[in-house]
Amino acid sequence: MGRVIRAQRKGRGSVFISHTKHRKGAAKLRALDFSERRGYIKGVVKDIIHDPGRGAPLAIVEFRDPYKYRKIKETMIAPEGLYTGQFVYCGKKAMLSIGNCLPLHVMPEGTVICNLEEKTGDRGKLARCSGNYAT
């Protein structure tokens with residue numbers, strides 16, 4: 001490894017400080033609203049990006065705001081098989097396919113899932129790292 005030069009020891013932090021300059025932001029599911037509780041809402045995957053310090057890739061999904069005339073971009077963890085331009089459906093009545101977000105009681109037993117909410121509305125806490133899943 002060699003010696004640590006005196007200039008490297010000056011200043012604040014190296015190994016003991018977390019390096020968060022180029023991080024892309026928190027990866028969360030959509031906030032639960034009326035359209036998700038009663039039906040579904042459609043979004044489109046705009047980009048799949050790499051987040052430094054995270055194993056799993058992130059997907060930027062764009063949804064129409066159900067209340068105002070605007071579009072909302074959400075950063076979610078991208079499951080394997082998600083691609084740009086794909087339509088993603090979130091809600092109770094969404095189909096069971098790759099990338100869709102739907103409640104656990106709607107899915108059949110033994111379904112492989114990722115980014116699972118531990119409590120309702122916490123926007124995804126379990127099975128979030130790369131290659132991880134829950135059944």
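1. In this predicted model, residue Ile48 has Ala59 of strand E2 as its bridge partner. The two strands concerned are E1, residues 40-49, and E2, residues 58-64, which pair in the antiparallel sense over six bridges. Further along, Val44 stands opposite Glu62 in E2.

2. E2 also pairs with E3, again in the antiparallel sense, here over seven bridges. Arg64 has Lys71 in E3 as its bridge partner. E2 and E3 make a hairpin, and six residues lie between the two strands.

3. Taken as a whole, the sheet is open and has four strands in the order E3-E2-E1-E4, with antiparallel pairing. The edge positions belong to E3 (71-77) and E4 (87-91); each has a single partner strand, so one side of each is left without a neighbour in the sheet. On average, neighbouring strands are turned by 35° against each other, direction ignored.

4. The largest pocket holds about 1200 Å³ of space. Its lining consists of 47 residues, and those nearest the centre are Asn100, Cys101, Ile113, Cys114 and Asn115. By class, the lining of the largest pocket has 27 nonpolar, eleven polar and nine charged residues.

5. Which elements each supply at least two residues of the lining of the largest pocket? They are helix H2 (34-38) and the strands E2, E3 and E4. E4 gives the most, with three residues. E4 is also one of the two edge strands of the sheet.

6. The second largest pocket holds about 180 Å³ of space. Its lining is made up of Ile41, Lys42, Gly43, Val44, Lys46, Glu62, Phe63, Arg64, Asp65, Pro66, Lys71 and Phe87. Two or more of the lining residues come from each of E1 and E2, and E1 has the largest share, with five residues.

Terms used
Residues are numbered from 1 along each chain as its sequence is written. This is a predicted model: local features need pLDDT of at least 70, side-chain atom pairs count only at pLDDT 80 or more; totals for chains, interfaces and linings use all residues. Side-chain values use heavy atoms; hydrogens and water are left out. Two strands pair if DSSP finds at least two bridges between them. Axes are lines fitted to C-alpha atoms, for helices over the stretch in contact, and angles run from 0 to 180 degrees between N-to-C directions. On a 1 Å grid over the protein atoms alone, a cavity is a set of points where a 1.4 Å probe fits but cannot get out, and a pocket is an open set with protein on both sides within 12 Å along at least five of seven lines; lining residues have an atom within 4 Å of a point. Grid points are joined across faces, edges and corners, and a volume is the space filled by probe spheres set on the points. Ala, Val, Leu, Ile, Met, Phe, Trp, Tyr, Cys and Pro count as nonpolar, Asp, Glu, Lys and Arg as charged, and the others, Gly among them, as polar.
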